[in-house]
Amino acid sequence: MMLSPDQAADSDHPSSAHSDPESLGGADAKVLGSVSDLEPVEEAEGDGKGGSRAALYPHPPQLSREEKRRRRRATAKYRSAHATRERIRVEAFNLAFAELRKLLPTLPPDKKLSKIEILRLAICYISYLNHVLDV
């Protein structure tokens, strides 16, 4: 990468190269911010000595998308809704297996089969039906 004469002059002075957050560009400038971002806010109450960090810096740090998702999923309302959706999904899944089970011939007809047994039996029965059609 070629440097312009202005950039080359700035690179001669390493202390000035990193002092300006805007000169860094990209993500580094966003991380460092500016001095005005860190100015304290006047306290609403108290004796004016010290105080909490929240009173001095009112804006919470920006959360990543993943952190926002984690916090939203940690709420009781979200967990309850998720549990309800999962329960409905599992019931529909089990209903589909029960309907498939009714279509498969077994001896005895009311024999309880596991899900994997139902799938394997369905595969064998479909193969058998294909063989019957081919003959």
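**Close-up views of a helical protein model**

Of the 135 residues of the protein, 6% count as buried, a term for residues under 20% relative accessible area, with exposed meaning over 50% and partly exposed in between (1.4 Å probe, protein chains only). The model is predicted, so local features need pLDDT of at least 70 and side-chain atom pairs count only at pLDDT 80 or more, while totals for chains, interfaces and linings use all residues. Residues are numbered from 1 along each chain as its sequence is written, and side-chain values use heavy atoms, with hydrogens and water left out.

View 1. The protein has eight helices and zero strands; helices (H or I, at least four residues) and strands (E, at least two) are DSSP runs, numbered from the N terminus. Along the sequence the pattern reads α-α-α-α-α-α-α-α. Among contacts (heavy atoms within 4.5 Å) with a separation of 6 or more, residues 24 or more positions apart account for 0%.

**View 2. The crossing of helices α7 and α8.** The axes of helix α7 (residues 76–103) and helix α8 (residues 115–134) come within 10 Å and cross at roughly 45°. Axes are lines fitted to C-alpha atoms, for helices over the stretch in contact, and angles run from 0 to 180 degrees between N-to-C directions. The angle makes α7 oblique to α8, because angles under 35 degrees count as roughly parallel, over 145 as roughly antiparallel, 65 to 115 as roughly perpendicular and the rest as oblique.

**View 3. Residues between α7 and α8.** On α7, the contact is made by F93, N94, F97, L100, R101 and L103; on α8, by K115, I118, L119, A122 and Y125. By class, this contact has eight nonpolar, one polar and two charged residues. Ala, Val, Leu, Ile, Met, Phe, Trp, Tyr, Cys and Pro count as nonpolar, Asp, Glu, Lys and Arg as charged, and the others, Gly among them, as polar.

**View 4. T106 in the loop.** T106 lies in the loop between α7 and α8 and is buried, with a relative accessible area of 17%. The backbone oxygen of P108 lies 3.2 Å from a polar atom of the T106 side chain. Leaving aside its neighbours within four places in sequence, T106 is in contact with R101, L113 and L121.

**View 5. C124 on α8.** C124 is in helix α8 and counts as exposed, at 52% relative accessibility. The C-alpha atoms of C124 and L104, 20 residues apart along the chain, are separated by 9.9 Å.

Conventions: A polar contact is a pair of N or O atoms within 3.5 Å; within protein, one must be able to donate a hydrogen and the other to accept it, and residues adjacent in sequence count only if both atoms are side-chain atoms.
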